[in-house]
Amino acid sequence: MLAFRAFIIVESVARDLDTRFNMLATLQAFTPQLLARQFLPDMTGAFPGIYRTLFTLRRTLTGLPVSLTRALQQLTKGELTVTVANAPMEEISQHLDRAGNRLSLSLIIAAVIIGSSLVMAVHSGPHYLGIPLLGLIGYSVASVLCVWWVIAILRSGKL
């Protein structure tokens, strides 16, 4: 199914580039060369190479009807499933989540610092020793978050 999907994608891209492109004619012209290269790689080699190639071809051709029949039966019953597992994609997803969390925390810290600076500049609200308490609390929260953020990054070992 994946190979069939790949052929469809290749054909659509090729038709976008050249409207006269005919995938079937191209495959018919190229298939004998591909099969010869795949199953008869080196005719100068010894007998075991030819025997191995013929054995592989026979095993593939005898198993093909059974596999196709099973796949078609599952397809007609609506039970055909295709499972694609790509471990690196899960790893990338975890790295993106971690980067997104770090970025959002840094934006929150920046917002708290900017808000605190605005409160300090306006000198509004209650004061302690001439310093606005809201600004002081904001800077304190931003400092704690920043220290926590730096420790988390240093613990991970990846700056």
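Is Ala 152 buried, partly exposed or exposed, and what is its relative accessible area? In this predicted model, Ala 152 is partly exposed, its relative accessible area being 39%, a value that lies between the 20% under which a residue counts as buried and the 50% over which a residue counts as exposed.

The protein chain as a whole contains 5 helices and 2 strands, which follow one another along the sequence in the pattern α-α-α-α-β-β-α. Of its 159 residues, 8% count as buried, and the accessible surface of the chain amounts to about 13,100 Å², with 68% of that area belonging to carbon and sulfur atoms. When contacts between residues at least 6 apart in sequence are considered, 38% of them join residues that are at least 24 apart.

Helix H5 comprises the 24 residues 133-156, and at 1.5 Å a residue it should span 34 Å; the C-alpha atoms at its ends are 35 Å apart, which agrees with that expectation. The buried residues of this helix are Gly 135, Gly 138, Ala 142 and Ile 153. Cys 146, which is also placed in helix H5, is partly exposed at a relative accessible area of 31%, and its C-alpha atom is separated by 9.5 Å from that of Ala 110, a residue 36 positions away along the chain.

The loop between strand E1 (127-128) and strand E2 (131-132) holds Leu 129, which has a positive phi of about 55° although it is not a glycine. With a relative accessibility of 73%, Leu 129 counts as exposed. Another exposed leucine is Leu 72, for which the relative accessibility is 53% and which is found in helix H3, residues 47-77. Leu 72 contributes, together with Met 1, Leu 2, Leu 75 and Val 82, to a nonpolar surface patch of about 530 Å².

Side chains of opposite charge can pair when their charged atoms come close. A search of the whole structure finds 2 salt bridges, one of which joins Glu 11 to Arg 15, with the closest N and O atoms 3.3 Å apart. Because Glu 11 and Arg 15 are 4 residues apart in helix H1 (residues 2-17), they are separated by about one helical turn. Both are partly exposed, Glu 11 with a relative accessible area of 25% and Arg 15 with one of 38%. A salt bridge is also formed between Asp 18 and Arg 20, where the closest N and O atoms are 3.6 Å apart. In this pair Asp 18 counts as partly exposed at 31% relative accessibility, whereas Arg 20 counts as exposed at 73%.

Notes: Residues are numbered from 1 along each chain as its sequence is written. This is a predicted model: local features need pLDDT of at least 70, side-chain atom pairs count only at pLDDT 80 or more; totals for chains, interfaces and linings use all residues. Side-chain values use heavy atoms; hydrogens and water are left out. The expected span of a helix is 1.5 Å times one less than its number of residues. Buried means under 20% relative accessible area, exposed over 50%, partly exposed in between (1.4 Å probe, protein chains only). Patches are made of residues with over 30% relative accessible area and no salt bridge: like charges are joined within 9 Å, nonpolar side chains (Val, Leu, Ile, Met, Phe, Trp, Tyr) within 5 Å. Accessible areas come from the Shrake-Rupley method with a 1.4 Å probe; for residues, only the protein chains shown count as cover. A salt bridge is a side-chain nitrogen of Lys or Arg within 4 Å of a carboxyl oxygen of Asp or Glu. Contact means heavy atoms within 4.5 Å.
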